Amino acid sequence: MVKRSLQVSLSGIQQAKKAFALKGWTQENLAGEVNLKTRQPVWRFFTGQPVDRQVFLEICSVLELDWRLIAVDPPADFPDIAGIVRADAPDIDALVKHVRSQRQEKIQDQCGILQLLDISRPVGIDDIYIDVNVLQEIASQQSVAIEDLQALGPDDFDRFGLGAIEQKQIPGTQAVETYTKLRVLGKPGSGKTTFLQALAIQCNRGKFAANQVPIFITLRHFAEESGDSREFSLLSYIQQEWLASDIADPSVLETLLHAGRVLLLLDGMDEVMQRESAAVLKEIRRFTDKYHKNRFVATCRTASQKLTLRGFTNVEIAPFTQDQITTFAEKWFVAFTKTTSQAGQDQSTQFMQKLDLPENWQFRQLIVTPLFLHLACWVFYGQDKFPAKRSEFYKQGLDLLLGKWDEARGIERDAMYQGFLLPQKLKLLSQIAAATFEQGQYFFEQRLIEQYIGDYIQSLTKLPIEPEELQLESEAALKAIEAQHGLLIERARGVFSFSYLVFQEYFTARKIVASHNLQALEQALGGLVSHITDPHWREIFLLTAAMLQSADSLVQLMKQQIDALVAQDPYLQEFLTWASQKSQTVLSPPLVATGRAFYMALAQTPHVASHFALAATLDQGMLLDAALDHLLLECAIDQSQDFAHAHACSEALSQTLVIALDAGFHKSLQQLSDQFPNPKRNQKKFQAWWQAHYTQWIAQLRTTIVQYRNVNHSWQFTPEQKQMLQRYYDANQLLLDCLHSNCEITATIRQEIETTLLLPQKELEDREWR
């Protein structure tokens, strides 16, 4: 007869105490691990008194002890579950297949269908899912000096800490195969849940972990159902769920667990409310320790990784690669195009082509996660283009992170910073963004960000807050912003940044636009235009212009600031005067500003403006001046006597003669052409002419061009003047981009600015007096 109770031998007590000491637990902890309501049975176990045999076996399992080696007179006829499993392996394989068959419909319903945001119909997971990669090093756990991060420019901002800098990515399924206990971290919308759902579907089909049964558990549902009874038991929860699949025998699950034939997928550790979090984590630890032969995968937001699980290896979902973005887009458009599969593929091709355009690089920063890539596809699907006002797209993304994403999935989170409604959150994030961006900080230390938060919290009340209380509230607010919204993230240990640079830029622009009165707005715009020559502020200008109800004041201030850049330099003013006068001789008034830009480029960067002229449909005179610039290039490079070079020079001169319409100029060019011997006829005679007359000939050519066309002056700019001209030119280009960014500008102001671009100071003053 099998004994109903067992007790520990004297030598076994010593072994058990050593194993217990290694755990670092109290007896209450151990009682909780084996799901006991009191510690009395644990006390009896360590004092060598009889204990219920099932409790005895569970304590030994948790302490990783062989119960036969420590028990007094272990019965020979006591069933060894592990032995039975090994002996009956064929039966276990049959059991796995049977349970899979019973559970197939439920797993398909639970994991095989996705409801994408703002899409009215569900989509099959096979139609949209692509395999994800993971990073084995978690950036926020690494120590990096803040000075090293500050040295990174905007181009490297979104790459750091997201797996694109010297971090090896591996397939997510490889990580699951490698580690029997795996926790998958990720930012909001990075695809953590979908990854687990795909694992469940693949496992159920025998394409992954073919010898195991998949079990998918949404932890917040487990917490909600267990919270009422305060009995957090994964075993009971799974058994109860299996009743719906006609698996009524509780021993089936235990047999599979003892045999290591379960793939347990635990989704959303961070979604469990704080009041149940400790109990849920405790049960996960107990369950995974007791049934350690199985395979466990849990998911959690990266910011909530402090919810630790003993023995679990952390990996983080990597951002999508270019190939993954392409594959996802093709699947998305094929799945949702209402006509044919080919039409969907064609639209995905258009999507990728337009995404690669230089003006859409900001969108490329965001769409490295499934959530934002889906949003980009959805916006493009309705318009066949990306929105002209990027601020509207950013706002949609922020709405998702600030609540809509959780709301769509029915997730309720703890109110960790009480009293902060959406307007307060937006205002706080705008203040943080503006303060840090103004200082040129893309990365900032935790203490600094907590100080900004503390100052804002204090501003909300007239009553003083104790420093310690304010510090605690600041820490809680930062933790909530990171964990719940993913807008501020820990890039390295103790070093934070906005999750995407475009969000820092958006909030900085929003801070300017949200100024509480006209005087404050004018002051904010004045501060903005002081950065007119700083390329880091380019996106702030464009976003601010797009978000203002009227951008008249902004573009007028920009124009004034730009003109002032070169107003005090007489030589630069002379140069602008020449460009203005030259453009008036070749263009009609609406295109004169274009002409000024062309001649500035022609004088500053010789031989580049010709491409500009040929690329656009411009005035014939501009085409001629570009051709003359090309002619001088071909004739003057190193004064080469090379036959091919001489031939190129001759060809350029012939082409220029074709478009030289002025009779006097054409005649002078023809005379110079006649003097130039044909290198094909007599190369020796040509070389002699070159030695004797070429220098004089090229000087005469240059003089003729200056006389008739007023181009090719030898402007002698200092290095400082060259730098200032480049800044001036770039600032005008930024102003022009603002004008063309679908912002709200009065027609007369728009016309006035476009007409006066690149004018010298004297002409600007003359216009004011008219």
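Which residues does Phe351 touch, not counting residues up to four places away in sequence?

1. **Phe351.** Phe351 touches Ala329, Phe333, Leu373, Ala376, Cys377, Phe380 and Phe386, with residues up to four places away in sequence not counted. Contact here means heavy atoms within 4.5 Å.

2. **Ground rules.** This is a predicted model: local features need pLDDT of at least 70, side-chain atom pairs count only at pLDDT 80 or more, and totals for chains, interfaces and linings use all residues. Residues are numbered from 1 along each chain as its sequence is written, and side-chain values use heavy atoms, with hydrogens and water left out.

3. **The chain.** The secondary structure comes to 38 helices and 14 strands. Both are DSSP runs, numbered from the N terminus: helices are H or I, at least four residues, and strands are E, at least two. Of the 770 residues, 51% are buried. Buried means under 20% relative accessible area, exposed over 50%, and partly exposed in between (1.4 Å probe, protein chains only).

4. **Two cores.** A nonpolar core is a set of buried Ala, Val, Leu, Ile, Met, Phe, Trp, Tyr and Cys residues joined through side-chain atoms within 4.5 Å. The largest has 141 residues. A second, separate core has 39 residues, including Leu219, Phe232, Leu264 and Val280.

5. The axes of H13 (residues 219–229) and H16 (residues 274–290) come within 10 Å and cross at roughly 110°. Axes are lines fitted to C-alpha atoms, for helices over the stretch in contact, and angles run from 0 to 180 degrees between N-to-C directions. H13 and H16 are therefore roughly perpendicular to each other, a label for angles of 65 to 115 degrees. H13 brings Leu219, Phe222 and Ala223 to the contact, and H16 brings Glu276, Val280, Glu283 and Ile284.

6. **Thr299.** Thr299 sits in strand S10 (residues 295–301). Thr299 is buried, because its relative accessible area is 1%. Its side chain reaches the backbone nitrogen of Gly268 at 2.9 Å. Among the residues that Thr299 touches are Val184, Lys192, Leu196 and Leu266.

7. **Helix H4.** In H4 (residues 53–62), the residues Val55, Phe56, Glu58, Ile59, Cys60 and Val62 are buried. Glu64 follows H4, and its phi is positive, near 60°.

Note on methods
Polar contact = N/O pair within 3.5 Å; in protein donor to acceptor, adjacent residues only side chain to side chain. Parallel < 35°, antiparallel > 145°, perpendicular 65-115°, else oblique.
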